[in-house]
Amino acid sequence: MQQLDNIISDRGSRYSVSGGVAETREAAEALLKELKRNKKYAKATHNTWAMILPDGTPLKADDGESGAGMVIVRMLEREALLGHVIVVTRWYGGKPLGGDRFRHVQDAVTAYFDRFLRGN
């Protein structure tokens with residue numbers, strides 16, 4: 001599993017992004033379980049994830065961050081990235097972020113792509 005920790009902070013909320021190869025829902029859930037072995041991630045407010053199966057079927061889980069999983073799915077579709085799960089973790093800071101939370105999810109996924117897939 002690859003991770004970028006504490007990459008975005010806004011009004012007390014903090015974001016991290018993780019991911020790895022997963023060709024099945026079970027593999028994605030195993031990666032999420034591995035992530036949550038770290039108590040910090042287990043106690044996070046949201047661990048939103050998404051992937052596109054090798055057959056093109058999108059899977060997502062918002063984990064209470066309504067709509068965030070679909071943001072990740074769309075970004076995976078644009079990259080044509082199949083068989084790879086992306087998890088965006090948020091620790092809520094006490095102040096609502098409104099629509100900015102979607103921008104932060106996008107920024108986190110972009111940072112992951114840049115670091116681990118594009119080599120930037």
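Author: We will take two helices, their contact, and a few single residues. Keep in mind that this is a predicted model.

Reader: How do I describe two packed helices?

Author: Two packed helices are described by the angle between their axes and the distance between the axes. Now the case here. Helix 3 covers residues 68–79, and helix 4 covers residues 100–117. They pack at an angle of about 35 degrees. Their axes are 10 Å apart. Helix 3 passes helix 4 in a right-handed crossing.

Reader: Which residues make the contact?

Author: From helix 3 come Ala-68, Val-71, Ile-72, Met-75, Leu-76 and Glu-79. Helix 4 supplies Phe-102, Val-105, Gln-106, Val-109, Thr-110 and Phe-113. Sorted by kind, the residues of this contact are nine nonpolar, two polar and one charged.

Reader: Why do residues three or four places apart point the same way?

Author: An α-helix has 3.6 residues a turn, so residues three or four places apart point the same way. Look again at the contact list with that in mind. Helix 3 gives Val-71 and Met-75, among them, and helix 4 gives Val-105 and Val-109, among them.

Reader: What span is expected for each helix?

Author: Take helix 3. Its twelve residues reach 17 Å from the first C-alpha to the last, close to the 16 Å expected at 1.5 Å a residue.

Reader: Let me try one residue. Is His-104 buried or exposed?

Author: His-104 counts as buried because its relative accessible area is 4%, and buried means under 20%. This residue sits in helix 4. Beyond four places in sequence, His-104 touches Ile-8, Asp-10, Tyr-15 and Leu-97. With Asp-10 there is also a polar contact, side chain to side chain, at 2.7 Å.

Reader: What does Asp-100 touch?

Author: Asp-100 also lies in helix 4. Leaving out residues up to four places away in sequence, Asp-100 touches Asp-10 and Arg-11. Compare sequence with space. Asp-100 and Asp-10 are 90 residues apart in sequence, but 9.0 Å apart in space, C-alpha to C-alpha. Asp-100 is partly exposed, at 26% relative accessible area.

Reader: Where do I find a positive phi?

Author: Ala-80 follows helix 3, with a positive phi near 55 degrees. Ala-80 has its positive phi although it is not a glycine. Ala-80 belongs to the loop between helix 3 and strand 5. This residue is exposed, at 62% relative accessible area. Asp-63 is another residue other than glycine with a positive phi, near 50 degrees. Asp-63 lies in the loop between strand 4 and helix 3. At 36% relative accessibility, Asp-63 counts as partly exposed.

Terms used. Residues are numbered from 1 along each chain as its sequence is written. This is a predicted model: local features need pLDDT of at least 70, side-chain atom pairs count only at pLDDT 80 or more; totals for chains, interfaces and linings use all residues. Side-chain values use heavy atoms; hydrogens and water are left out. Axes are lines fitted to C-alpha atoms, for helices over the stretch in contact, and angles run from 0 to 180 degrees between N-to-C directions. Helices (H or I, at least four residues) and strands (E, at least two) are DSSP runs, numbered from the N terminus. A crossing is left-handed if the near helix is turned anticlockwise from the far one by less than a right angle, and right-handed if clockwise. Contact means heavy atoms within 4.5 Å. Ala, Val, Leu, Ile, Met, Phe, Trp, Tyr, Cys and Pro count as nonpolar, Asp, Glu, Lys and Arg as charged, and the others, Gly among them, as polar. Buried means under 20% relative accessible area, exposed over 50%, partly exposed in between (1.4 Å probe, protein chains only). A polar contact is a pair of N or O atoms within 3.5 Å; within protein, one must be able to donate a hydrogen and the other to accept it, and residues adjacent in sequence count only if both atoms are side-chain atoms. The expected span of a helix is 1.5 Å times one less than its number of residues.
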